[in-house]
Amino acid sequence: MSATTARSVALELIGRVIDDGAYSNRLMPALLARSGLEPRDRAFATELGFGTLRRRLVLDDAIGRAANRPIDRVTPPEARHALRLGAYQLQVGVAPHAAVSATVDLVSGRARGFVNAVLRRLAGTEFEPPAGSGADAIAARTGMRPWAVEELTRLVGGEAEAAAAALATRAALSIRVVGGADAVPAVREDLRSAGVTAQRGLVHEGCLIVEEGGDPRTMPGFAEGRWMVQDQASCFVVAALDPRRGDHVYDACAAPGGKTVYAAECVEPDGAVLGADVSPRRVRLIAETAARLGRSPWLLVQDAATPAFTGSFDRVLIDAPCSGLGSARRRPELLWRVPKERVSALAARQLAIVTAAEAALGPDGRLVYAVCTFTRGETDAVCDALLRARPGLRPVVTDGPDGPAERHRLWPHRHGCDGMFVAAFERAS
């Protein structure tokens with residue numbers, strides 16, 4: 001058997017994400033854990049794998065021109081993915097000889113010669129992104145599907161390319177400090193002493209943005225439960241929910257558990273949090289995170305559209321399953337995986353979940369609907385439909401980074417966090 005290398009790990013990631021529908025953020029840790037690679041090679045494998053997935057559409061266009069055929073007609077699949085991996089290395093400045101020869105070594109059989117020829121052709125060609133301000137041109141430069149670029153244009157106008165480019169950029173590590181803003185200076189100093197630079201977040205005062213630090217599990221304070229990996233946008237959702245000591249909170253779509261644990265921190269010891277998810281495996285993830293941070297939420301496996309309980313809660317949170325476009329910085333395949341036609345089905349599912357969860361909201365309680373995406377069908381349209389279906393609800397103004405509003409949109413290019421839509425409602429007295 002050939003030895004495992006950073007490129008072979010990246011190639012396996014690319015193939016399983018594209019061909020098998022795997023999730024890059026879940027698969028890559030497993031691949032690295034069994035690889036036996038040193039930290040430096042692990043980082044290189046991550047950069048190659050995630051970078052290639054992030055630039056897939058851009059790379060496919062360049063490869064198609066160099067190969068004189070659409071990449072989907074290249075066989076076997078191993079050759080397609082090797083071409084993508086090699087083309088990405090050439091685009092980001094890896095020495096052509098190393099990029100070509102080391103990538104060709106990963107290909108077996110008769111395809112080796114073809115991959116070698118195409119990559120050498122690409123190595124002698126300047127990558128020139130297409131000009132123009134239309135959705136197709138922006139998509140060709142950023143790697144996001146044209147239909148999604150069109151959605152961005154309707155929402156942010158001339159900022160559409162900046163928004164798409166930010167979503168197609170690797171995210172910095174965001175951590176939430178247990179204890180909030182008062183506990184941030186001590187954690188920041190401990191990180192600094194370990195050679196890890198961290199800056200305060202722009203959206204949530206209890207967050208730090210870590211510039212370079214390697215594996216979070218090895219950093220000071222992680223094992224002791226002093227902080228957890230959590231994006232500022234996720235923390236903002238809980239801030240909009242505003243759980244307080246003694247409150248009873250229902251988190252309808254709780255996994256992987258960051259918001260559940262944060263809410264538990266806000267309401268305990270006198271309050272309680274019920275975190276539910278449809279996946280038993282993902283509910284176990286919530287339990288693990290809660291245990292590390294010393295929290296004790298109630299956990300339940302159920303379909304949020306058909307709740308397995310009755311009750312009345314002061315706060316109800318629905319961070320609904322969605323197209324996930326706002327989290328593409330962490331799961332780059334979302335830039336191109338989600339077809340436009342799926343949005344309607346997702347919106348129907350989201351409305352079913354939020355209307356079911358609304359039944360658990362007590363008098364004068366607050367409900368927050370959130371999705372890590374920006375499509376109008378999954379955001380404003382769902383909220384409008386909810387108000388028509390539940391006239392006892394009314395929108396409530398909450399504070400946000402752009403000022404008070406009933407509905408907030410967070411953007412990586414503006415706020416330095418994941419893309420997130422958040423809307424709050426109250427039960428009329």
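Trainee: Where is P269?

Mentor: P269 sits in the loop between α13 and β6, the strand of residues 272-277. Please keep in mind that this is a predicted model.

Trainee: What kind of peptide bond leads from E268 to P269?

Mentor: The bond from E268 to P269 is cis, and its omega is near 10°. A cis peptide bond also joins T75 and P76, where omega is about -5°.

Trainee: Where do T75 and P76 lie?

Mentor: T75 belongs to the loop between α4 and α5, and P76 lies in the loop between α4 and α5 as well.

Trainee: Is T75 buried or exposed?

Mentor: T75 counts as exposed, because its relative accessibility is 59%, and the cut-off for exposed is over 50%.

Trainee: How far is T75 from A252?

Mentor: Their C-alpha atoms are 44 Å apart in space, and in sequence T75 and A252 are 177 residues apart.

Trainee: What about N68, what is its phi like?

Mentor: N68 has a positive phi, near 60°, and N68 is a residue other than glycine. N68 is placed in the loop between α4 and α5, and at 67% relative accessibility this residue counts as exposed.

Trainee: Since α12 came up, at what angle does it cross α13?

Mentor: The axes of α12 (residues 232-241) and α13 (residues 258-267) cross at roughly 45° and come within 10 Å of each other. That angle makes α12 oblique to α13, and α12 passes α13 in a right-handed crossing.

Trainee: Which residues make that contact?

Mentor: On α12 they are S234, C235, V237 and V238, and on α13 they are K259, Y262 and A263. Sorted by class, the contact of α12 with α13 has five nonpolar residues, one polar and one charged.

Trainee: How do α8 and α9 cross?

Mentor: The axes of α8 and α9, the helix of residues 146-156, come within 8 Å and cross at roughly 115°. The two helices α8 and α9 are therefore roughly perpendicular to each other, and their crossing is right-handed.

Trainee: What residues are in the contact there?

Mentor: From α8 the contact takes A135, D136, I138 and A139, while P146, V149 and E150 come from α9. By class, the contact of α8 with α9 has five nonpolar residues, no polar ones and two charged ones.

Trainee: Let's go back towards the start of the chain. How long is α1?

Mentor: α1 has 15 residues, and from its first C-alpha to its last it reaches 21 Å, close to the 21 Å expected at 1.5 Å a residue.

Trainee: Which of its residues are buried?

Mentor: The buried residues of α1 are A6, R7, V9, A10, L11, L13, I14, G15, V17 and I18. These buried residues pack against α2, α3, α4, α5, α6 (96-104) and α15. Just after α1 comes G21, which takes a positive phi of about 75°.

Trainee: What about α3, what span should it have?

Mentor: At 1.5 Å a residue, the 16 residues of α3 (residues 39-54) should span 22 Å, and the end C-alpha atoms of the helix are 22 Å apart, which agrees. Buried in α3 are A45, L48, G49, F50, G51, T52, L53 and R54.

Trainee: What covers those?

Mentor: The cover over the buried residues of α3 includes α1 (6-20), α2 (24-35), α4 (56-67), α5 (77-91), α8 (135-142) and α15 (334-337).

Trainee: Which residues does S312 contact?

Mentor: Leaving aside neighbours within four places in sequence, S312 is in contact with A360, L361, G362 and P363. The C-alpha atoms of S312 and L361 are separated by 5.5 Å, although the two residues are 49 residues apart along the chain.

How values were computed
Residues numbered from 1 in each chain as written. Predicted model: local features only at pLDDT ≥ 70, side-chain atom pairs only at ≥ 80, totals over all residues. Heavy atoms only, no water. Helix = DSSP H or I, 4+ residues; strand = E, 2+ residues; numbered from the N terminus. Expected span 1.5 Å × (residues − 1). Buried < 20%, exposed > 50% of the residue type's maximum accessible area, 1.4 Å probe, protein only. Contact = heavy atoms within 4.5 Å. Axes fitted to C-alpha atoms, helices over the stretch in contact; angles between N-to-C directions. Parallel < 35°, antiparallel > 145°, perpendicular 65-115°, else oblique. Left-handed = near helix turned anticlockwise from the far one by under 90°. Nonpolar A, V, L, I, M, F, W, Y, C, P; charged D, E, K, R; others polar.
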